[in-house]
Amino acid sequence: MIEAVIFDCDGVLVDSEVLALEVELAALAEVGLHYEEEDFKARFMGMSTPAFYDALEADHRLHFGRDLPEGFRDLCSARYRASWHRLGEVPGAREAIAKVSHPKAVASSSHEDALARKLELTGLRAHFAPHIYSADRVTHAKPAPDLFLYAARGLDVAPERCLVLEDSVNGVRAGRAAGMTVWGFLGGGHMNDAIGARLLTAGAVELVRDWKHLTEMLAAV
């Protein structure tokens, strides 16, 4: 029986993954690292910020024998934040969240300040506070289970009675490792059927098309 719902933020609540992909792929191409978008999504989405940049550093050293240019992380961060005037909720999120009767939390790989700001900008923060948990709260971020387990403790609900909504392979793996039920969410602007198939392979037990579909599914659990 599901007693609580834990939501990822980027790509589930806030339609920010589209902006992040745009900024990151362009900045990486400028320093000679070129990725196919689908491969990039499969490998990096859902990672904490430090783990993401550590992986990029490793790729750059492998290809060029040296670290990424000094200031690369700050450049990407500045460009990403500069794009937030285009930031919006994933369509239907705010209305649907207001109808969720289960205890609920956000568990995101974002830094705490960025997470709070994105939820504030999209009018979602008040629906979750104080149960807003960032990767800063734990030692090991997704795909480790630590953040979801931390959120379950905050909600005072056993992990096996928690439902996780995730749009990334890393996030699905984290939820499954925590012993939770995981549904893959396809409503973000960056999603497609190929990513949905990967979420199922990673352990998602259902795919959710959009927030209307989620409302219908939650009513049945």
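Ser109 sits in the loop that connects strand E2 to helix H6 (112–121). In this predicted model, local features require pLDDT of at least 70 and side-chain atom pairs pLDDT 80 or more, whereas totals for chains, interfaces and linings use all residues. Residues are numbered from 1 along each chain as its sequence is written, and side-chain values use heavy atoms, with hydrogens and water left out. Helices (H or I, at least four residues) and strands (E, at least two) are DSSP runs numbered from the N terminus. Ser109 has a relative accessible area of 9% and is therefore buried (under 20% relative accessible area; exposed is over 50%, partly exposed in between; 1.4 Å probe, protein chains only). Contacts are heavy atoms within 4.5 Å. Leaving aside residues up to four places away in sequence, Ser109 touches Gly46, Met47, Ser48, Thr49, Ala135, Lys142 and Leu147.

Leu147 belongs to the buried set of helix H7 (residues 146–155), together with Phe148, Ala151, Ala152 and Leu155. These residues lie on the same side of H7, because they cover an arc of only 140 degrees around the axis. The arc is taken from the directions from the helix axis to the C-beta atoms. An α-helix has 3.6 residues a turn, so residues three or four places apart point the same way. Asp156 follows H7 and has a positive phi, near 60 degrees.

Strand E1 pairs with both E4 and E2. Pairing requires at least two DSSP bridges between the strands. E1 and E4 are parallel and share 4 bridges. Val5 has Leu163 as its bridge partner in E4. E1 and E2 also run parallel, joined by 3 bridges. Here Ile6 is the bridge partner of Ala105. In a regular strand the side chains alternate between the two faces of the sheet. In E1, Ala4 and Ile6 point one way, Val5 and Phe7 the other, and all are buried.

Phe7 lies in E1. Its relative accessibility is 0%, so Phe7 counts as buried. Phe7 and Ala105 are 98 residues apart in sequence, yet their C-alpha atoms are 6.2 Å apart in space. Beyond residues up to four places away in sequence, the contacts of Phe7 include Val12, Leu13, Ile97, Val100, Phe128, Leu165, Trp211 and Leu214. Lys104, Ala105, Val106 and Ala107 are also among them.

Voids were searched on a 1 Å grid over the protein atoms alone. A cavity is a set of points where a 1.4 Å probe fits but cannot get out; a pocket is an open set with protein on both sides within 12 Å along at least five of seven lines; lining residues have an atom within 4 Å of a point. Grid points are joined across faces, edges and corners, and a volume is the space filled by probe spheres set on the points. The largest pocket has a volume of about 640 Å³. Its lining comprises 34 residues, with Glu24, Thr49, Phe52, Tyr80 and Ser110 nearest the centre. Helices H1 (17–30), H2 (37–44), H3 (49–64), H4 (72–82) and H6 each supply at least two lining residues. H4 gives the most, with 6. The lining divides into 14 nonpolar, 10 polar and 10 charged residues (nonpolar: Ala, Val, Leu, Ile, Met, Phe, Trp, Tyr, Cys and Pro; charged: Asp, Glu, Lys and Arg; polar: the others, Gly among them).

The whole structure holds 1 cavity of 30 Å³ or more. Lys41, Ala42, Met45, Asp167, Ser168, Val169 and Ile195 line the largest cavity.
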